[in-house]
Amino acid sequence: MKSFLRSATALAGIAIAGSAFAADLPRRQAPPPVFVPVPVFTWTGFYAGFNAGYGFDASSNSQPTVIGVNGASTLVLPGTTAAIAFSNGQSNDGFVGGQYVDFGRERNRFSATGPLAAQQVFNPAGVSGLDYFGTVRGRLGYAFDRTLVYGTGGFAYGSGGGRDFGLTNSSRDDFQTGWAAGGGIEYALPTDSFLNFFRSSAVTLKVEGLYVNLDRGNRNNGVFAVNNAGQEVSLTSPGVVLASGGRQVRDTEFAVVRAGLNYKFGSY
């Protein structure tokens with residue numbers, strides 16, 4: 001009986017010692033969480049989108065053109081005189097959508113003080129106007145994560161300003177070239193934006209202001225009218241006197257303020 005008690009006591013001691021030893025063993029630790037860095041947004045990539053806005057006339061010269069015509073000219077009825085006045089205003093403003101522009105609503109609008117014997121009357125100074133324009137520009141700015149503030153500038157082109165001057169002595173090349181400069185701000189929406197119909201890497205919204213200057217060259221070389229006989233009548237024709245306004249040809253100048261929606265493809 002005593003041997004049995006001694007054996008039980010020894011086993012209990014071994015069990016207690018084993019429990020203490022197990023408590024001293026290092027515990028198995030869970031593996032550290034895997035850190036997945038959030039991709040840094042970049043503005044690098046290919047962009048395609050839409051824009052629309054309004055263009056404002058930025059011409060520095062809006063002096064009216066006034067032409068006096070007497071009976072020696074075939075532009076007026078025999079024995080009469082007249083004065084033809086062009087306001088030269090509001091020619092470079094209107095809607096802008098993509099490359100389309102609605103400029104020139106007022107081009108060649110004139111008033112006359114007497115009866116005219118003419119089919120068409122044009123402004124000898126060449127009132128400007130456009131049907132479309134485009135630019136090839138670079139831009140440089142500073143990005144605050146998904147917000148970009150930038151300046152931009154480069155080559156500009158356009159056409160349509162001279163289409164109403166289809167006379168044999170006038171320039172038929174309506175294509176104009178020049179330069180453009182401006183700036184804007186652009187913001188990139190998250191990739192899962194509801195506007196991301198094309199599954200692009202980002203959708204961006206922008207507001208941009210742009211100044212465009214196109215050289216008009218030597219448009220409308222003095223010819224300004226066609227009489228009822230189909231004859232061209234210029235400032236050098238008998239009975240035609242330029243009263244004011246000069247024969248200068250203005251560049252096509254306008255400022256554009258527009259908003260745009262772009263889809264960015266490429267880098268995140």
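Thr-147 has Tyr-187 in E10 as its bridge partner. This pair belongs to a predicted model, in which local features need pLDDT of at least 70, side-chain atom pairs count only at pLDDT 80 or more, and totals for chains, interfaces and linings use all residues. Residues are numbered from 1 along each chain as its sequence is written, and side-chain values use heavy atoms, with hydrogens and water left out.

Strands are DSSP runs (E, at least two residues) numbered from the N terminus, and two of them pair if DSSP finds at least two bridges between them. E9 and strand E10 (residues 176-189) run antiparallel and are joined by 12 bridges. E10 also pairs with E11 in the antiparallel sense, over 13 bridges; here Ala-188 stands opposite Thr-204 in E11.

A further group of 4 strands forms an open antiparallel sheet in the order E6-E3-E2-E14. Strand E6 (110-112) and strand E14 (240-244) stand at its edges with a single partner strand each, so one side of each has no neighbour in the sheet. Strand E2 (residues 65-69) and strand E3 (residues 82-86) are paired antiparallel over 5 bridges, with Ile-67 opposite Ile-84 in E3.

The largest pocket is lined by 22 residues, of which Asn-51, Thr-135, Arg-137, Lys-206 and Arg-258 lie nearest its centre. A pocket is an open set of points on a 1 Å grid over the protein atoms alone, where a 1.4 Å probe fits, with protein on both sides within 12 Å along at least five of seven lines; lining residues have an atom within 4 Å of a point. E8 gives the most to this lining, with 7 residues.
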